[in-house]
Structure formats: structure tokens, C-alpha cells
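Please read them with the structure open beside you.

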Protein chains: 2
Amino acid sequence: MNLKNLGIGLLSIFFAVSCGKSEKKSGSNGALNKSHAEQVYVAPGEHDDYYAFISGGYSGNLLVYGLPSGRMFKEIPVFSQFPTSGYGYSEETKAMLNTSHGFIPWGDLHHPDISQTDGVTDGRWVFVNENNTPRIARVDLETFETVEVIEVPNSAGNHSSSFVTENTEYVVAGTRFSVPFPQQDISIKDYKGKFKGALSFIKVDQETGAMDINFQLMMPGFNYDLSHPGRGQSHGWFFFTTYNTEEASTLLEVNASQNDKDFIAAVNWKKIEEYVANGGGEMMPAEYAHNTYDHHTHVGKSEMKKEVRIVNPSDVPGAVFFLPTPKSPHGCDISPDGQYIVGNGKLSANLTVHSFPKMIKAIENESFDGEAYGIPILNFDETLAGVVENPGLGPLHTEFDDKGNAYTTFFITSEVVKWELGSWEIKDRKPTYYSVGHLTIPGGNSRKPDGKYMFAMNKITKDRYLPVGPELEHSAQLYDISGDKMELISDFPTHGEPHYAAAIKADKVAPNSRKIYRLDENEHPYAVKNEGETKVVRDGKTVHVYMSTIRSHFNPDNIEGIKVGDKVYFHITNLEQDFDVPHGFAMIGQNNSELLIMPGQTKTTTWEPDRVGVWPFYCTDFCSALHQEMQGYIRVSPADSDIELSWSLGEE
Amino acid sequence: MNLKNLGIGLLSIFFAVSCGKSEKKSGSNGALNKSHAEQVYVAPGEHDDYYAFISGGYSGNLLVYGLPSGRMFKEIPVFSQFPTSGYGYSEETKAMLNTSHGFIPWGDLHHPDISQTDGVTDGRWVFVNENNTPRIARVDLETFETVEVIEVPNSAGNHSSSFVTENTEYVVAGTRFSVPFPQQDISIKDYKGKFKGALSFIKVDQETGAMDINFQLMMPGFNYDLSHPGRGQSHGWFFFTTYNTEEASTLLEVNASQNDKDFIAAVNWKKIEEYVANGGGEMMPAEYAHNTYDHHTHVGKSEMKKEVRIVNPSDVPGAVFFLPTPKSPHGCDISPDGQYIVGNGKLSANLTVHSFPKMIKAIENESFDGEAYGIPILNFDETLAGVVENPGLGPLHTEFDDKGNAYTTFFITSEVVKWELGSWEIKDRKPTYYSVGHLTIPGGNSRKPDGKYMFAMNKITKDRYLPVGPELEHSAQLYDISGDKMELISDFPTHGEPHYAAAIKADKVAPNSRKIYRLDENEHPYAVKNEGETKVVRDGKTVHVYMSTIRSHFNPDNIEGIKVGDKVYFHITNLEQDFDVPHGFAMIGQNNSELLIMPGQTKTTTWEPDRVGVWPFYCTDFCSALHQEMQGYIRVSPADSDIELSWSLGEE
């Protein structure tokens, strides 16, 4: 079963000639007379044209890149502890990793999607999903911080997520693995019929972005792989690919690849929304966390929800249909005009495209080929718009440009194929190195795709870069798609395991990027607003240090009267109000991470001194010419010492 | 005290014209007729010429980049938990983060140094220091993994570290903060005389790289900032900068900047080594961890050491001297021939260069200007080789090229200045954006520097890239130094907080890079060598799952008979033996990180099921066309259930 090797084998036969010697190329494309080097070069002091938000996969984080340079500008911690800034370690951010299973230090982030207005990316928020312990998070593009995380109950392997409807009315999350509903102690052999797949529709507040699960559609026990919203004419619908419609529960590698066709589930969420608004569905017990972070208090809070509204699809006639689609389809992609639904049948010889108008007609005509668990199965021929014949092996994902073309990744044959919507003709194909998963065109999942760049995210790297031992970064490849033929212009390594990405023109995001947190807006309960407010307060064995940082000293800088067995909370406020002047804080022997504190922000870490002595702390961020002088000491006395608390103010 | 702002203010006046518009430039340098774009472009399929090992600072990790492209190829976890691979979470790697203070999830990594043979970088290991809870780690460049961590006792802020002698006889670690010796409950006000600074000489096994502290030199209570080894004629000596020779213990920003001159400490380690070999020094109690990782067992082990040899410098006459050096010097850098010792006095108007031969002569002549705590202070004029006059403000670090030139960073005036050894003449100066800390030339800290590239690591980024909110990545800048004048050819963002770096020609490292771990060499106690050896074993409330992964299934793939309150150990062996075919493992609700398991490797994670139900696990690394089918389920029954363990073998 060495499909992977097969892919690479084929590659080396088909594409050996074109491999890696394309340094200089006069453009037949838009970038006339520019070499590839010049196309991707962003000179010192100049800026990239696009932001790309690339999933970190098993890093749990979201990465921000610039295009065309392929440079990584930031790793935003979302679902994983991040020692760099203390995310998930500091008292303020631990709550962001809380779940109904307690604190979870790790997540598997898959599919970033940018918020939309009128079907066009608007650059306000990025939504991302956690696959393992199902969650959806929202990253604010004013601060580039994770500001909200909502757990998705009744789910497992939250994969067909986190895509937004065309006015960000909803962010949608579908379970990959079905599980018993409700969870119960039954044999895995009882899978068929007893396991269900939840598709969750999470309402997004149009002004604030706040998320709230409106309803969960409790679907048959298939695997729900990916999804995308209808747009334009198909706005109001959502489409999900399924596989394992065989409902196998062991050795899926073989047993879930038996059916010639699986389904795309078409969900009329507007109809269900109306049903729910009229009291439809049933509130059922479900424990799930809802975590929020506020940049005025700088504190994350976790609330545990107790119930969720469940909708049975057969209770809402006309709301859910199955479109038969060959074969174990992965991506489910909607053309910019909303007319076409592309099913990327990963084990299929061809690429299947459904027509939304034909689907509506087939529904009206009740052109059904039976049903599955009460859900009508539409007649395949009645919804089919067309087929891209023999495009490659292992199609996974399709995005679109602004000229009526589609671009599909093929994992097994390691290539991207460009084809035309409507004629279904293949226009071009280019190799990828190696085994491409998803691809991204800025706005490629919207009504207004851009036509300049496409990048492929490859799953296998092997020899593309200088070797670094057995474990390698994955690799992305940037193509110029402005001309008739795609041109590979650069390779850039990615970080973590990028599954999927969303990209947007820089001018939609950059102007709103915040530079500092305003100190006069700091509502942290332990903030100090000036050095005069710094102090040390004992409350039994708990000590609160209200500390300030400003170039180049801490206040207080020396503390005596701390005892073995105390728990010391350092609440540190960065009094700076200039852009890019963080300070850090760390303490020897601290069983915790450091803190990185941005101007105007307060953060808290803990220290439990385990032995007598005098121990230094220092600023961890090289903040000024006198950074190395930015330090202090804490004297730790025996537990039974009667030394009183005292501290020195570094400067006032 | 806004030195930082001042720096940027000056910059915008001096350098506004040259900022950022240098895209095309016909080379007066070696890269004739190549634009800057072409100079840094590494075409798809081609490789970079150099590895750069860049410190991650407060990320705790080591980053691997390629030059000239500036692309990041790997983040190697060293001192911090790393959710991406499970480092610091998996049972095998937790021991690597053990210290005498217990498990510490975070570290502050500062100064990578590549092992040397005959004063030339040999590409076998990279040594790195942890600043906060003092430790030195060794990264193996066959596997690019952290294989050893040794804690440094009697230290605090392990900053003047981790530099190697010219045959890697020693890796040297100096404390930045002095602390009471031995640690004791005394007032911080009693600093003077009671606090000491330990300089640790860690012996390195020439064959295996294994580290062992040979002795600690217990120095006066100054701050020890940076250090470098003698080489060639000065081999056998080590040089450390000091600041706070005022021995201030509060508000160092002011109080540690009073003296016109601080010291460079010159240590004749060969003499002390001989003294120690003859029984000199005193074994004293000291608890410190020594952690090792073996790629046959794939298991990290932590051993707690109990004592260390202390040497009092006044007990070894002729071994330690102070060279007066203006003013609060940061970097302490030795020319390739070993003749010159550059003190980068960060508050000094000039750059001070000492002569090693003159130092030896001054010692012979006993040209002393008094002593400090029994250590002779050499007469300033007698050791002075020369002064670079008015080079800039805030010099921090100097490296060297292959043509007799030195390159010094200036933090406050944000520039790199090129000057000539011997004539002390300034040859060129170029701006950096902004506030440069250290710089790197491949081999710049060795007898054979390279003369092609230099990169500066800047501490302030501000507007260099698309904005990403208040928190930014730091930035590096690459210069072509092959001609008379330096040319800035590119900016690239870095990750974490890079303090320092070491770079080396790719051909010294790449050929030895390992591709897989051999399964037949896997000595992990819970490894399976084939699918037939997989099993599930209960031992009271502990369950051991001996699991295998191979495309595209787990074995076993379903397990029943697990109960609430069990602790389940998943020992997962990746049976693949092809390059770049990792598998991952994650389990819903797991209060731990996932595992990323490389071919031939075994890793262990734990799961404590908290409720009844059927819960899936899956492969987290997109491993094949049937990756989405790579899953299994675990049935969790009530604690008092009498269901027996059973499991299904996915395939055999």
C-alpha cells in the first residue's frame, strides 16, 4: 500500500527534466521580464503584497506569512502552550486552553478561514479549528491574538471546519469521526446506526465576532471530511464531503474504500435556522467550554456550557440532501459564483462537479435514488454539472481564480492541475515537490478570488532543502498564475504541519493592525498605572507582586521576606507606550514559562521557591542598551523565618 | 532614559535616504552583475550554501536556517516544551527538562556555538546555553536532536556561555548574575563580597561529545556577560567580559554604569586543568541535573549529581588576570589568529582592543595596577593593542572575515561597522533596521572565518514587515561582505528572540544528516519490531498499549476494556523505514501533547480517560492518500465494569 512512494516514483519519471533548474525565466506571465528571483524578492524596507494565514497543524498554532516572499512574520498561539510568550502558562491565558476534559496543552489546527462580508474576505478575524479535542477559535486581526475558543460537543476529530458563510453569519464545524450519541459504553462493533456525526452551526455576532452554537445537526455515522459554504446563488446552503459511508469501524484503509460513491451532504442552513428560531430542535445536555480573552482586562475566562440544541435532519424536510460523489471525496469546494460544487474524490479517476441550479431542480423534481437514514439521496446524473476526465490521482482540494479557472491538487501524482469551469478542460498541469495536500489562492474561497499567486502545501519534503535529520519541516511552493500557464517561482519551508491556508490582500488588514495596548485602557485587576503603584502584598502563604517594567528597570527590583513554601504571583505591567518595546520576565528555577509583556499589558506568572537563598530575575527581551542591567533579586528565607516583606523601588 | 528611541531617531536622520529602495544593484562585490534578488534566491530544487544555527532566545529552542535564502528549516526543541513533536510532554523526553528545581517547561536559549577541531568548526555538535535556570545543551548534527543537557550549579543567568575551546576540549559557561556562595539566607544589601560569580569549565568527550563539569572557578561578584576562547597563539586561555564591577545590587541601570572601566577576565584554563588534575580545588555539595538522550533507546534519562569541584582563583597563581576595559563591555571577541581580544564596551565612546602577546608580556613583567579580590589587574596601557576611535554608540559584538577585517554591531546607532585589525581604521559602516544585537559570519568565531556573508540580528523590528499587531518577530539582515563595502541584500524575520548564531558551510554538515532511525537498532523497552508484536497489557489500573503505525493503519486499531480511572500508556513504534514518513498520534481529550514519531522510533504518551464512551484516535501527520482513514477507537467503560481487555489488529 505504498501510494506515497508510488507518487514520488511517478514524479521522478514524469518531471525529472523540469526539476529545480528554473532560476531565470522571462515571464510569459504578468510579471514581464522579471526573473523568478525578482518576482519573489521583497527588498529591505518594502512590504509583501499579501498576508497568508497558514495552519500549523500539530503545532496547534496559526502562522502568518507574507507573499510573494514566503517569509514567516508570526506564530500565533491558539490551541497549544507557547513558551515564547507564556501563552497557556500565564495565569491570564491558561483559561484559553480549558475544555470539558480540563486543561489540554495541545491542539491540532487545520483550516483557517477569513471572515467575509458579502462573500468577500474582510480581514477582521481568522477562524480556525482544532481537530482533536473539537474546538473553534477566533483570532482578531487587530491584535493578531486568539480572543475566543469554543468547544464543539458531541464531536470527535473536528475536521470539516471552520468555514464561514458569506456574511460570517456562521462558522461551521463538522465532526470527522462519528461517535455514540449520546456518548455511552457500547461496543465499537455496534457502530452502524448507533454512531452519529454532528455538524455544528456556530452563530457569529456580526459586530463583535462572538461565537455561540446555534444548533447541531445530528447526521448519520459517516466521516465528515471537509466543507464549504454556498455563495451568491447558493448562499444559505452549506456542503460537506463524507467518506466511510460504509460505516466501517475497523481497518478503514480497506473497509472505508468499498463504495463507488460516497456523498456530499447539502445543508440548507437558512431553513434549519428558521426551524430553530421557531422553537425547533431539542436542548440536550452537553458540557463544553467557551473561553474568551479581552484586551482591556488582558485576562482569559473560561465558562462551561451545559446544553446544546440538537436538530434531527429528518425533522426538517427539505433541509438536507445527499449528492452521490465518487469516491471518498476530501475537499468540497464552491465556485466563486456559487454555481458549482466540486467533489475531490480522492480515490476517483475523475473529478466530479455538481451544479447548484441542477441540484435545486432535482430537489423540486424529487429526483431521488433512495435515502440514507431518512435523508434523500439525489440522483447522480440529475445534479452532475460535468466531469474533469483523468485529471491525475488523488485529488484533494480545488480553489479558483478570477478568470473562470479551477486549480486542483493531486496528492498521489504530486501536481496541481488547472482546468476550466464549464468546459471542464484541462489547461495546464505542474508538478509539486512532493505529495501536495491543499492549495491557496488569496480569496480562492470567496466570491472574489485574486488571480496572481497560488501556493501549494506539500506533505512530503525529503530533499527540497538542506537536510536536518529525520524530522523535516513541510514545504510550500509558490506559483505565478497570472498567465495561461502556472509558473513555479519559489519553494519555502513552513512550520508545523500546514494543512490549509487563507490569504488576503495586505491593504485589507495592515491599516487596522494595533501597535500597543493603551495603558489607560488596562483593566487588569492587578495592573499598575505608574511606578508609584507598585507594591508587594502578602496574604497568608500567597504573595502578590505588583511589578512594573520600563526601560531599563523593574519596580520593585529587590524583594526580601519571601519564604520557602510561598506561592508568589508576579503581576507585571509593561508601562511602555511605544510600538515594539516588549519586556520579559523570568526567575531562576521557575516551574513555569517566562512572560513576554507588550506595552500597556499586564501578565502574571507564578513561582514557588523551593529553597533558601537569593535568586535573580531579569528582563528576557533585549529592550535597550542597558537591557543587561535590567534585573533584580529575591531573597528567600526559611518557611519559619520572621523576616517581614520589604522591597526596593528601582526608580520612581 | 530612552536610548532606544534615540537610536531610531538618529537612524531616521542619518539613513532615511538609503532605506529600502535597494532592490537592484549591480555588484561591486563578488556576486558580479547579480541583483540582490538573484543573490539571495535559491531556486526550487537547489540548496542553500550555509547552515545558520540561530538562537530562539525566549522560545527556548534552536532554529536552523539556510543562507543566503534566510529560510527556516527547523525548530529544534531544547529547553522548552514543544507541542509540535511532543518534546517535553512525551514520557521519553520529559527527563530532558528536569533540573534540580524539578521539571521546568521553559528556557531562555542564547548562544549557539559549533564544535571545533583545530580551531575550525567541524559540524558535529552545536552547544547552546540556557540563561535562566543555568544549563548547557548539546544538539547532535547527525539527528538534529537535543542529546544532552547539563545543569550548571552555583550560577544564575548563565549568559557568558556556551563557547567551545579550539578542539572542543571544553564548553565554557559563565554566570551573569552573581549569587551568594554557597546559597544562603542573607540580605541582598550584603551583596559586596558575599556574592560570587562561577565560571564553569565543562569537559567534552572528544569522541562522544558527552559533557562533565571539570571545575568551577569562583570569581568575584561581578556580572559576567560574554566570553570567547583563545585560539592559535592564545589557545589555552579563555576571556570573559564583566560589568557591574561596582557590585551594585539595586538599580543597575544607573549604579552599574559608574566605573570608567570594567574588566575582561583572562583565564588560563590549561593551568587550572593541570592544578585540578593534581588534586587541586575542593569537591563541594551541589545538586545539578545531567540529562541524556540516546537514539537507540529513544529514551531520555535524568541523573542528579551531588557535588562539583570548586577552584578559588587566588589558589592558582598565574591563572587569572583582569584586563581593564571601558565600559560595561558586552562581547568579548578573539581574532582568528588569536592575537587580539576585542572588548565591546557598550557605554564606551571607543572600541578597545587588547593584544594577547602584550598581555603575556605584562604578566611576565608583573605590570599590575592593583588587584581585585586577589586577582591581579593588568595595566591598561601595557595590554592595549589599539583603539577604534568613535566607531558608533553601543558596541555589542565583533566577528571577523578572512581578510583581516572586523565587523562590530552598534545597538544605539543601529549599524554595523567594518574596521581593519592592526590599523584600527574604519573601512565601512552600514545601517541596520533596528538596534542590532549580535552578528554572525560563518566561522566568524574560529580560526577560519568565511568572507562571503554576514548577518545582523536586530532587536527592534517595527515597520520592516507587514504589521502583525503589538507583538512582532525580530528581524535579521543579510549583507554581502565579499567586496570592500558591505551590501545589505535582504531582510528575513527570525523566530523567538535570536541573540546569537553560528553558521557553517553546508558541506560540513549535510553529508552526515541521518534520514531514518533503524528499526533493527531500536532498543526502546516498549518497542515493537513488527505488527505481530503489538498488544495491550493491563497491570492494575495501568494499561500499556504496544502499538505500531505504518501506512495507513494503527495496530491495534480498536481497543475495548479500558476503564475510567485507568492510566493508559500508548507506546507507539513507527515501522516505516523510508525517509520523511512520520506518523502522529492523538486522542480526544488527552491532557497531554500528541506524539510525532519518526521512522524507526518509539514514543510514549499517556491518557487518563475521564468519562465513559467510545473515543477515537488518529494519525496527526498527513502520511498517505489514505491518511484520513488512519484511525481507531477506544471504548471506555465504567471503573467497576468487568469487560475484559480486547483489541482488533488492523492488519498483520
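1. Ile441(A) has a relative accessibility of 1% and therefore counts as buried, a class that means under 20% relative accessible area, with exposed meaning over 50% and partly exposed lying in between (1.4 Å probe, protein chains only). This residue sits in the loop between β31 (436-440) and β32 (453-458) of chain A, where strands (E, at least two residues) and helices (H or I, at least four) are DSSP runs numbered from the N terminus.

2. Which residues surround Ile441(A), once its neighbours within four places in sequence are left aside? Ile441(A) is in contact with Glu399(A), Phe400(A), Asp401(A), Tyr407(A), Asp450(A), Tyr453(A), Met454(A) and Ile481(A), contact meaning heavy atoms within 4.5 Å. Phe400(A) is 41 residues away along the chain, and its C-alpha atom is 7.1 Å from that of Ile441(A).

3. On the basis of the model, please note that this is a prediction, in which local features need pLDDT of at least 70 and side-chain atom pairs count only at pLDDT 80 or more, whereas totals for chains, interfaces and linings use all residues. Residues are numbered from 1 along each chain as its sequence is written, chains are lettered from A and ligands numbered from 1 in the order in which they are written, and side-chain values use heavy atoms, with hydrogens and water left out.

4. Chain A contains seven helices and 46 strands, and its C-alpha trace spans about 85 × 65 × 45 Å along the principal axes. Of its 652 residues, 71% count as buried. Among the contacts of chain A with a separation of 6 or more, 63% are between residues 24 or more positions apart.

5. The same surface serves both copies, since 100% of the contact residues of chain A recur in chain B.

6. In chain B, Ile360(B) belongs to helix α6 (residues 356-364) and is partly exposed, with a relative accessible area of 25%. The C-alpha atoms of Ile360(B) and Glu382(B), which are 22 residues apart along the chain, are separated by 9.9 Å.
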